[in-house]
Amino acid sequence: MNIAVLIPSLDPNDVLVTLVDTLKTKGIDNMVVIDDGSCAQTQPLFDRCADLGCVVVHHEANRGKGEAIRTGLRAAMEQYPAVSGVVTADGDGQHAVDDILRVAAATECHPDHIILGTRDFSAANIPWRSRFGNRFTSLFFRLSAGMPCPDTQTGLRGIPAALFAFALSIPGSRYEYEMNFLFTAAQNNIPFQYIPIQTIYENGNQTSHFRPIVDSARIYAMPLRFLTVSLSSFVVDISLFTLFSFLLPDRTARAILTATIAARVCSGIFNFTLNRNWSFSSREDDWKAQGIRYLILFLCQMLVSGGLVSMLSFLPLPLTAIKIVVDTVLCCISYFMQRNWVFRTKSS
C-alpha cells in the first residue's frame, strides 16, 4: 500500500509501539511518528518505533497537534516522495488498525477526496462531553460550511498527495487546525468521503490531551471574536435606539424604522471594520467588494429588524426588550452570512 501513516504523539504509552508494530505486520511500511515535546521518560518508546523502521521526528517542546501534523507531512514528503497520500492516526489506541487500513485504502482509491473516519456517537458508552461536543460541532459545521460532516473531531483522516500543499497552508497550531482544515476544504469545494469506524474510548478517554476550555476557545476563536465585536456594536446600537425611540414617543412604524436606521448606521461602520480586520481576518485586497456585500447584508438585516420589531410592538414589553430578542436571532444568522459570503476566504 503506497500510503504513509502519520502518528502525532504526546507522552505516549506502550500502545503506540503496539500500533506501529501491528501496522508493520499488516503491510504499512511508510510511517512517521511525531514526538510533540514528550517527557524524557517516554523517549525509549520513540526509540522502539525507530527500531521498527519508522521515521521519528521530535519537537523540543509541545507545539500542538496542528504543528505535529504539518511536521509529519513534511517528513513524509521528504522521506517517501512517491506516496499517493497520508493517513493521520492517533497513537493512543482510539483508532483500530483495521480502520486505519480502510481509510488508507480509500485514500489511494480517491486521489481528489479527503477521507474521514467517522464514529457513531449514539452508543451508550460514549462519554457525555464527547457526544455533546460532536453533535454541537457537527451542527455548527453544517451551518457554517453549508454541508454535513458527521464527525468533525475525528483524528483519522486521509489526505491524498494532490492536497499536501493545501494541508500545509491551513492555519492553526493545535486542535483548531483540524476544524480549520475541514472549513477551508468545504469552502474550496474539496469533496469528503466518510468511512464508518469503531468508536473506542480507553478508560473514558482519559489519555486525551484535549483541554475542554482552552482548546474549545481555539477551535471556536472566529465565532467568539465575532460575538465580541457584535456585543460591542450592540452596546452602541441599542443605546442609540433607546435614545432615539425615547425622543420619538409615538410607536408608529415610521418612528421605529427611523430609530433603527439611525442607531444601526452608527454601529455598522464600526462592526464592518472590526469584523474584516479581526473577527474573520480577511486577506482579500478588494475591501470595496466586501463593503458592498456587507452593505447589502446590513440593509437587509436593518430592514428585517425594524419590520419585526414593528410587527411585535403590540406585545406588552418595552421596545428595547423586543429589539434585543429580534437582533439576537439576526446576529446568529449574520455570522454565517458574513463568514460564508461577505468575508469568504479561499485557499491560495
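## Helix α7 on the sheet

Helix α7 (residues 176-187) lies across β5, β6 (157-160) and β7, at about 50 degrees to β6. Helices (H or I, at least four residues) and strands (E, at least two) are DSSP runs numbered from the N terminus. Contact means heavy atoms within 4.5 Å; axes are lines fitted to C-alpha atoms, for helices over the stretch in contact, with angles from 0 to 180 degrees between N-to-C directions.

This is a predicted model, in which local features need pLDDT of at least 70 and side-chain atom pairs pLDDT 80 or more, while totals for chains, interfaces and linings use all residues. Residues are numbered from 1 along each chain as its sequence is written, and side-chain values use heavy atoms, without hydrogens and water.

## Sheet

The open sheet has 7 strands in the order β3-β2-β1-β4-β6-β5-β7, with mixed pairing; two strands pair if DSSP finds at least two bridges between them. From one strand to the next the twist averages 20 degrees.

β5 (residues 114-118) pairs with β7 in the parallel sense over 5 bridges. Ile 114 has Phe 192 in β7 as its bridge partner. Helix α1 (residues 14-25) also packs on the sheet, where α1 touches β1 (3-9) and β2 (30-36) and makes about 175 degrees with the direction of β1.

## Ile 292

Ile 292 is located in helix α11. Its relative accessible area is 53%, so Ile 292 is exposed (buried is under 20%, exposed over 50%, partly exposed in between; 1.4 Å probe, protein chains only).
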